[in-house]
Amino acid sequence: MTSAVLRGREHTHIGAVDVVAEGLIAIANSRGGAPKNYLYTDPNEDVAGFFRGPGGALLAVADGHSGFEASEVVVEHLLTHPAPQWTDASADFHTGWSRHALAALCDANLDILRERTQGLNLESETTLVATLIRPETRDLLYACVGDSHLFVAGRGGVHELGARPGRPTPFLGARKESPDTLHTRCQLGRHDLTDALAVVCVTDGLSERGIGVEDPASAIGEAVAAAAEQPAEVRAMHLARDVCERACEAHRSHSAGDNVAAAVAWVGL
């Protein structure tokens, strides 16, 4: 079993993209390609992480608001607590994914509220994309809260899962939650990866209007196509870096930045 986390508070150089890769899984984090042009608490509030077990991998990205605490807490909670069980070879998610995911999100939300109570920052909250990849069954199980993105790219194109267009952005850490209240504020689902090449989780530094790229799905498709030209063992590393670098390039062109974090898996057979 292996895991890694890239915490935004440790990656604060404008224009830099830091990457950690483990075979067909990789994460990347960047403060962004230009200074932020809006009020913020910390220079980089985004977090990316992964946990790889014998039966699969958990990827997560979180976009912190009003401080890095909430995004860091939620990713570390998922990688520490449910990830070892979810990625065990004996885990069975033919049914019951929603129940497992909502329980984990509720526990993570409580951890954020505890951190806010015990620390000095009483306002930090976060979005989240968490994806569980089970290679043996070619299943992708996901839980999304807020406006960070989950893309699945294949030979048939790029599809976004868990999006909430036109709806207010919910956050973890904003209030006390139960499984019932969270169920109305998050997107849960399952996706067949049979025809997929890559899974990409990325925060909205890629897509923020007037800051990120004009067409996020096209940018992901181009990054996946470029990664496919690389040797198989480094495709995930190239993909994670490329996604963040494309966001940074857009930030520079707009003279307006945002943090961006990505977690990717190369799943093509």
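Q: Is Asp-46 buried or exposed?
A: Asp-46 counts as buried because its relative accessibility is 0%. Buried means under 20% relative accessible area, exposed over 50%, and partly exposed in between, with a 1.4 Å probe and protein chains only.

Q: What kind of model is this, and how are residues numbered?
A: This is a predicted model, in which local features need pLDDT of at least 70, side-chain atom pairs count only at pLDDT 80 or more, and totals for chains, interfaces and linings use all residues. Residues are numbered from 1 along each chain as its sequence is written, and side-chain values use heavy atoms, with hydrogens and water left out.

Q: Back to Asp-46: which strand is it in?
A: Asp-46 is in strand β4, residues 46-53. Strands are DSSP runs of E, at least two residues, and helices are runs of H or I, at least four, numbered from the N terminus.

Q: What does Asp-46 touch?
A: Leaving out residues up to four places away in sequence, its contacts include Arg-7, Asn-29, Asp-63, Thr-203 and Asn-259. Contact means heavy atoms within 4.5 Å.

Q: How far is Asp-46 from Asp-63?
A: The two are 4.5 Å apart, C-alpha to C-alpha, and 17 residues apart in sequence.

Q: Now the whole chain: how many helices and strands?
A: The chain has 6 helices and 13 strands.

Q: How much of the chain is buried?
A: Buried residues are 55% of the 269.

Q: And what are the spans of the C-alpha trace?
A: About 45 × 40 × 35 Å along the principal axes.
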